[in-house]
Amino acid sequence: MPFKALHLSESVLRGVQAAGYTDPTPIQLRAIPAVLSGNDVIASAQTGTGKTAAFALPVLTRLGAHGRTRVLVLEPTRELAAQVETAFRDFARFTDLRTVAIFGGVGYGSQRAELKRGVDIIVATPGRLMDYLKERTLSLQDINILILDEVDRMLDMGFLPAVKDIIARCPRERQTLFFSATVPPEIAAIASFALRNPTRVEVGVARSVTESVSHALYPVAHDQKFELLVALLEKTDFDSVLVFSRTKHGADKIARRLKAANHSVAVLHANRSQNQRIEALAGFKSGKYEVMVATDIAARGIDVAGVSHVINYDVPEKPEDYVHRIGRTGRAQAVGDAFTLVTPENAGDIRDIQRFIGQKIPELKLEGFNYQPITARPAHVAGPAAGVRTKPSRQGGWNRFGGGGGRRRARY
Ligand code: AMP
């Protein structure tokens, strides 16, 4: 079914055409009619499935022409707020609708000026939005469409109190849309007070890894991780590589060492200033930096065309983050590769990830590299390496490490 058959307005259809979209993605096919009908919607869809357009296109169609501030989109990170606002603006380019991105880390001046000038759509992170609400620069009294994007991540980041406060400031008569990669019980709970009789839209299996990505595990001893990263970068014919670290400190350290090894590197994590984050993303997108080292929170949902490789320097702690990280490559039609460095201590996490995505991730070894065998705990690693968080071994063999799984399984 083409976009034309979806009852979007003419001007929005022109925006879609200008964006170069040909056919709607599955989430767009299912969510657009539901949103156009005015129903509340809970959609589970991972990033990279085209979910921004799935809500932006019908919302713009419903708005029609410029008027009061009627749409509020909440996003968990500044980068996502900027990205989603840009998408709205692009799709709305043949309308007179106005959008603004509201997020912290930058001055208040231009955001205040935009709000005063009058906007139809606000795309915001909760913290900065609350600032404007408290100082009464902004009121949500005319909001009739409220969208919570990446709700699971928003809750993980501790935004629940602010989100509840913001929902309570919106009129009760409104349409509410929830988009989330996963729908754990906490989300079902806030959905029950924020949404009325929602239509559920689930696309494919929210746990699946995009088919256009080939992914593999690279077993390695803990103290050889950096060497393996450098070796992979050397061996791989990459255009741009996103390297994931579990911690901000780790990300800085990897970046420092890669720079010393003559790679051009950007870093993206929550402790960097807004200007540094903007510069890092812009530089990575333009090709100035061939490698970007990021943490999960900073990189969630970020859409960078042409990421050819994702390297998980650290195995993600939560199985769903594996899907999100891998989703950075192979977006839309592009084909990408994703590698995960696995040390013996990660056995439990890998098992959880494989169970979560419902498939075994193939193991690869780099010729001539000094790997640890993945099927047996190496003899010389008698105990945990200094500073390494390990999990209790129930049965000795590292691939049978227990721990972690039971607690997390309960969430899904
Ligand atoms: P999203 O899941 O919204 O972050 O979108 C992922 C990527 O897919 C973005 O680069 C979009 O521009 C692109 N995209 C979304 N919908 C379509 C479509 N129908 N046709 C082609 N590309 C799309």
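Among contacts in the protein chain (heavy atoms within 4.5 Å) between residues at least 6 apart in sequence, 75% join residues at least 24 apart. The model is predicted, so local features require pLDDT of at least 70 and side-chain atom pairs pLDDT 80 or more, whereas totals for chains, interfaces and linings use all residues. Residues are numbered from 1 along each chain as its sequence is written, and side-chain values use heavy atoms, with hydrogens and water left out.

The protein chain has 16 helices and 13 strands; these are DSSP runs numbered from the N terminus, with helices being H or I of at least four residues and strands E of at least two. Of its 412 residues, 55% count as buried, meaning under 20% relative accessible area with a 1.4 Å probe and protein chains only, while exposed is over 50% and partly exposed lies in between.

Strand 4 spans residues 121-124 and is covered on both faces. Ile121 and Val123 are buried on one side, and Ile122 and Ala124 are buried on the other. In a regular strand the side chains alternate between the two faces of the sheet.

Two strands are taken to pair if DSSP finds at least two bridges between them. Strand 2 (residues 71-74) pairs with strand 4 in the parallel sense over 4 bridges, and Leu72 stands opposite Ile122. Strand 3 (residues 99-102) likewise pairs with strand 4 in the parallel sense over 4 bridges, with Thr99 having Ile121 as its bridge partner. Strand 3, helix 5 (residues 109-117) and strand 4 make a right-handed β-α-β unit; right-handed denotes that, with the strands pointing away from the viewer, the path from the first strand over the helix to the second runs clockwise.

**Aromatic rings**

Rings of Phe, Tyr and Trp (its six-membered ring) pair if their centres lie within 6.5 Å; planes under 30 degrees apart count as stacked, over 60 as edge-to-face and the rest as tilted. By this rule the count comes to 6 aromatic pairs.

| Pair | Centre to centre | Angle between planes | Class |
|---|---|---|---|
| Phe55 and Phe88 | 6.1 Å | 40 degrees | tilted |
| Phe55 and Phe179 | 5.0 Å | 55 degrees | tilted |

Phe55 lies in helix 3 (residues 51-63) and Phe88 in helix 4 (residues 78-91), so their pair ties together parts that are 33 residues apart in sequence. Phe179 belongs to strand 6 (residues 175-180), so its pair with Phe55 links parts that are 124 residues apart in sequence. Phe55 and Phe88 are buried, and Phe179 is buried as well. Elsewhere, Phe3, Tyr21 and Phe91 form one aromatic cluster.

Charged ends also sit over rings, a relation that requires NZ of Lys or CZ of Arg within 6 Å of the ring centre and within 35 degrees of the ring normal. Arg14 is placed in this way over Phe94, 4.1 Å from the ring centre, and Arg257 over Phe226, 4.0 Å from the ring centre.

Asp296 is found in helix 13 (residues 296-299) and is buried, with a relative accessible area of 13%. Its side chain joins that of Arg325 through a polar contact of 2.6 Å. A polar contact is a pair of N or O atoms within 3.5 Å; within protein, one must be able to donate a hydrogen and the other to accept it, and residues adjacent in sequence count only if both atoms are side-chain atoms. Not counting residues up to four places away in sequence, Asp296 touches Arg153, Phe244, Ser245, Asp321 and Arg325.

Ile302 is placed in the loop between helix 13 and strand 12 (309-312). Ile302 is buried, with a relative accessible area of 5%. From Leu281, Ile302 is 21 residues away in sequence and 9.2 Å away in space, C-alpha to C-alpha.
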